[in-house]
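Today I opened the model to see how its pieces pack. Here are my notes, in the order I looked things up.

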Amino acid sequence: MEQIRLENITKNFNGRCVLNQVNHTFLQGQSIAFMGHNGCGKSTLLKIIAGLVRPTDGRVHYSSPVLFHYVPEKFMPLPLTARSYLKRMGELDGLEQKAIGGMIEVLGEEFFLSELLDVPMKHLSKGTLQKIGVIQAFMKKPDILLLDEPLSGQDTASQKVFIQKVNKLRSEGVTVFMACHEQSLVDAVAEETYTIQAGVLTAYLPDKEKRYVLILENGQNSQLWEGMERFGTGYRLLIGEDEAQPAILRLLENGWKLRGMYDEKDS
């Protein structure tokens, strides 16, 4: 069943078009991931879906009133203790006091935070603050869960708990949107993955093979390899990850000098 429809969503920041007439329909119970480089518009789209940011143009249509829970990437270090904050958020969600206290204890233990619940949040690390935001989102089942880099700073054990709980919500019909960089999280949780290129929402296709750029110097007038091209005073060679190590050894044996190597994505 259709739950959210984006109609000609456009968002400009300081003269730069981050989202350009995005049209898309999302169904109830879907789990969607937005991937891509920093600044491409992932977080902006999440906030527009949640109603936290107004688009420059266009409109978001909801099939019915929905309860959003949103976990931001950066969590404000408030002077409140984690327990006080979570109690207040539970009250805003309409939960009973007894239920709130019980959930804080259980979730705090599951996310390895029991000893930090009564510490002022301004003294906690970024990863711990992120856990508190995640706990708040799990205290009451929302209709739509929005997660912005939810594993940022979290330890491996907490990541496993997080994935289990998100998948449980998915099984209960909760729609999940998340902006992230971790392919492992996408594989574990997401059904569909998108990226934003030049303001346009498109299907995300991960690279089948990582490739490296080698910067080489011809030290002994050695024979050029196929695919080499001039690069300043040396040469540039693009090569696949599986071929890189044996190719470098052969190049060195044949008189070449390796002056640099980096991921093709960084070029």
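Before the helices, I noted how they are described: axes are lines fitted to C-alpha atoms, for helices over the stretch in contact, and angles run from 0 to 180 degrees between N-to-C directions. Helices (H or I, at least four residues) and strands (E, at least two) are DSSP runs, numbered from the N terminus.

I also kept in mind that this is a predicted model, where local features need pLDDT of at least 70, side-chain atom pairs count only at pLDDT 80 or more, and totals for chains, interfaces and linings use all residues. Residues are numbered from 1 along each chain as its sequence is written, and side-chain values use heavy atoms, leaving out hydrogens and water.

**Helix pair.** I looked up α4 (residues 126-138) and α5 (residues 156-171), which pack at about 25° with axes 12 Å apart. That makes α4 roughly parallel to α5 (angles under 35 degrees count as such). Which residues make the contact? I found Lys131, Val134 and Phe138 on α4, and Ser158, Phe162, Lys165, Val166 and Leu169 on α5 (contact means heavy atoms within 4.5 Å).

**Sheet.** Next I traced an open sheet of three strands, ordered β2-β1-β4 with antiparallel pairing (two strands pair if DSSP finds at least two bridges between them). Its edge strands are β2 (16-27) and β4 (57-62), each pairing on one side only. From one strand to the next, I noted a twist averaging 10°. Eight bridges join β1 (residues 2-13) to β2, and I picked out Ile4, whose bridge partner in β2 is Phe26.

**Helix on sheet.** Lastly, I saw helix α1 (residues 42-50) lying across β1, β2 and β4, at about 125° to β1.

Note on methods
Parallel < 35°, antiparallel > 145°, perpendicular 65-115°, else oblique.
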